[in-house]
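Subject: Structure handover

Hello,

Here is the structure I said I would pass on. My notes on what was found in it follow below.

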Amino acid sequence: MNHFSINHAVTRSVRDSAALLDILNGVGKHTIYPSFKTYTNFLENVTKKTNKLKIAVRYQPNSHVSFDNDTRKNMEETVELMKDLGHEVVDKMPTFDLDSLAHHFINIWLGSGSTIIKHSGLMIGQEVNRDNVEKLTYEILEFGKNLSALEYEESRVYIQSEAQKILEFLEEIDVWMTPTLNQLPKKSEKTKRLSKRPINKC
């Protein structure tokens with residue numbers, strides 16, 4: 001994803017996440033992007049007492065996104081737990097033009113996704129078409145085909161500029177805490193069918 005994505009896992013505990021980091025962290029041969037020095041003591045450090053952290057949280061990120069009651073309740077309980085552990089929790093987040101950020105992120109995500117879908121077809125020697133992939137997968141492929149190089153590069157530059165705001169924000173904040181989802185997943189039998197409308201540019 002043009003080095004904008006981070007690969008890890010949603011784990012049941014911090015201990016599980018630390019153990020996985022011990023396995024995955026570091027850099028492989030011929031890596032084309034910067035990487036952190038290899039550490040192998042994440043799991044060991046789980047039991048060590050931490051310094052007081054400054055943790056940023058925001059219950060209502062913007063007018064377009066809101067959390068359902070269960071998610072907000074879980075956030076509030078987590079915030080209280082952080083306070084009980086002696087950390088400072090502040091209501092704060094970086095300032096973004098969220099409409100523009102969403103537009104450029106979608107260009108990057110779908111444009112890069114389109115390339116991955118095309119290359120996956122090449123790897124198995126089969127051209128991707130409407131008949132051999134899911135409808136949404138095919139629409140992502142078509143979105144990428146219609147995205148110009150200029151549009152993609154404008155979005156890449158914009159996202160990098162916004163990423164600098166996050167780096168500046170993290171100079172004064174130790175942890176930016178957000179929920180993984182803004183609402184709990186629905187049970188499969190209650191999930192509505194995907195819209196029949198094609199993906200359009202924002």
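**Salt bridges**

A search through the whole structure, which is a predicted model, turns up nine salt bridges. Three of them are described here, beginning with the pair formed by arginine 58 and aspartate 91.

The side chains of arginine 58 and aspartate 91 meet at 2.5 Å, N to O. Arginine 58 is partly exposed, its relative accessible area being 27%. Aspartate 91 has a relative accessible area of 54% and is exposed, because the cut-off for exposed is over 50%.

Another salt bridge joins the side chains of arginine 72 and glutamate 76, at 3.1 Å from N to O. Both residues are in helix 3, four residues apart, or about one turn of the helix. Arginine 72 is partly exposed at 33% relative accessibility, and glutamate 76 is partly exposed with a relative accessible area of 34%.

In helix 6, lysine 165 and glutamate 162 are three residues apart, which means about one helical turn separates them. Their closest N and O atoms are 3.3 Å apart in the salt bridge.

Three strands form an open sheet in the order 2-1-3, with parallel pairing. Strand 2 (88–91) and strand 3 (175–176) are the edge strands, and each pairs on one side only.

Strand 1 (residues 54–57) runs parallel to strand 3 and is joined to it by two bridges. In one of these pairings, alanine 56 has tryptophan 176 of strand 3 as its bridge partner. Between strand 1 and strand 2, also a parallel pair, there are four bridges. Here valine 57 has aspartate 91 of strand 2 as its bridge partner; aspartate 91 is also the residue that forms the salt bridge with arginine 58.

Helix 3 (residues 69–84) comes into the picture again at this point: together with strand 1 and strand 2 it makes a right-handed β-α-β unit.

In soluble globular proteins, nonpolar side chains tend to be buried together. The largest nonpolar core in this model has 14 residues, and Ile117 and Leu141 have the most contacts inside it. At least two residues of this core come from each of helix 4, helix 5 (135–146) and helix 6 (149–169). Apart from it lies another core, of eight residues, including Ile55, Val57, Phe67 and Val89.

Leaving aside neighbours within four places in sequence, isoleucine 117 is in contact with Val128, Thr137, Ile140 and Leu141.

**Serine 114**

Which residues does serine 114 contact, beyond its neighbours within four places in sequence? They are Ile140, Leu141, Gly144 and Lys145. Serine 114 lies in helix 4 (residues 98–123). Its relative accessibility is 6%, so serine 114 counts as buried, the cut-off being under 20%. The side chain of serine 114 reaches the backbone oxygen of leucine 141 at 2.9 Å.

Regards

Methods. Residues are numbered from 1 along each chain as its sequence is written. This is a predicted model: local features need pLDDT of at least 70, side-chain atom pairs count only at pLDDT 80 or more; totals for chains, interfaces and linings use all residues. Side-chain values use heavy atoms; hydrogens and water are left out. Two strands pair if DSSP finds at least two bridges between them. Buried means under 20% relative accessible area, exposed over 50%, partly exposed in between (1.4 Å probe, protein chains only). A polar contact is a pair of N or O atoms within 3.5 Å; within protein, one must be able to donate a hydrogen and the other to accept it, and residues adjacent in sequence count only if both atoms are side-chain atoms. Contact means heavy atoms within 4.5 Å. A crossover is right-handed if, with the strands pointing away from the viewer, the path from the first strand over the helix to the second runs clockwise. A nonpolar core is a set of buried Ala, Val, Leu, Ile, Met, Phe, Trp, Tyr and Cys residues joined through side-chain atoms within 4.5 Å. A salt bridge is a side-chain nitrogen of Lys or Arg within 4 Å of a carboxyl oxygen of Asp or Glu.
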